[in-house]
Amino acid sequence: MLAFLSYKAASFFAKKKYIPNEFIKVAAYGIEIILSTLIGILVIFAIGFVFGALLESLVFTICFVTIRQIVGGYHADTNFRCTLFLAVSYTIILLLYEGVQGIDNMPLIFFSSSFTLLTTVVFAPVENPNKIIEESQIPILKKASIIATLIFLAIAYILRHLELPIHMMVHLSLMFSSLLLVLGFLKNLFKTRV
């Protein structure tokens, strides 16, 4: 459905002479990516609104989108599955976030930080059919992945030191991104073996 609407929009732009006809497919793909991203962000904020967690939704979106752009990872096969997976996952993350408030979460912080850093060092970057990585880009993206992860972990530790509970959303966002990184790696591994 989203691909169909994107193609219609691109065809409209070509008809109005905003883009040449030979760029309709490229423009349609770009429109589809933009719409898919906007829908994902709207879903995150809608869930955040329901839970009364708009700040948490903002922090999650910033961490998740930034890290995913660099490290890559698992992608669902359709926009609908992607949105559904994101909605269910973010709801679970919010429930976990609420569940760890008011308890000693240092073991979870240690696990989250270790898991995030280890998966980034070992697996990043992971390509997918929509983001093919050239061999020359791998070392650059590997370094960028590690640096971005370290920056977000440092921010989380600073927020914890300032006794701001939002630090756990940074950790949970990074851990979720890392889980998708591993799932993307495994998906690529099994796809090449079949």
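Me: Why is Phe 115 called partly exposed?
Reply: Its relative accessible area is 24%. Buried means under 20% and exposed over 50%, with partly exposed in between (1.4 Å probe, protein chains only). So Phe 115, at 24%, counts as partly exposed. This is a predicted model, where local features need pLDDT of at least 70, side-chain atom pairs count only at pLDDT 80 or more, and totals for chains, interfaces and linings use all residues. Residues are numbered from 1 along each chain as its sequence is written, and side-chain values use heavy atoms, without hydrogens or water.

Me: What makes Phe 111 and Phe 115 a stacked pair?
Reply: Their ring centres lie 5.8 Å apart, and their planes meet at 15°. Rings of Phe, Tyr and Trp (its six-membered ring) pair if their centres are within 6.5 Å; planes under 30 degrees apart are stacked, over 60 edge-to-face, the rest tilted. The structure holds 10 aromatic pairs.

Me: Where do Phe 111 and Phe 115 sit?
Reply: Both lie in helix H5, residues 106-123. They are four residues apart, about one turn of the helix. Helices are DSSP runs (H or I, at least four residues), numbered from the N terminus.

Me: Is Phe 111 buried, partly exposed or exposed?
Reply: Phe 111 has 47% relative accessibility, so it is partly exposed.

Me: How do you know whether Ser 178 is buried or exposed?
Reply: Look at its relative accessible area, which is 3%. That puts Ser 178 under the cut-off, so it is buried. Ser 178 lies in helix H7.

Me: Which residues does Ser 178 touch?
Reply: Leaving out residues up to four places away in sequence, Ser 178 touches Phe 115, Thr 116, Thr 119 and Thr 120. Contact here means heavy atoms within 4.5 Å.

Me: What makes a set of residues a nonpolar core?
Reply: The members are buried Ala, Val, Leu, Ile, Met, Phe, Trp, Tyr and Cys residues, joined through side-chain atoms within 4.5 Å. The largest one here has 36 residues. Phe 60, Met 169, Val 170 and Phe 176 touch the most other members. Helices H2, H3, H4, H6 and H7 each give two or more residues. H7 gives the most, with nine. Apart from this core lies another, of six residues, including Ala 10 and Ile 31.

Me: What does Phe 60 touch?
Reply: Beyond four places away in sequence, its contacts include Ile 44, Leu 86, Tyr 90, Met 169 and Phe 176. Phe 60 also belongs to an aromatic cluster with Phe 64, Tyr 74, Phe 85, Tyr 90 and Phe 176.
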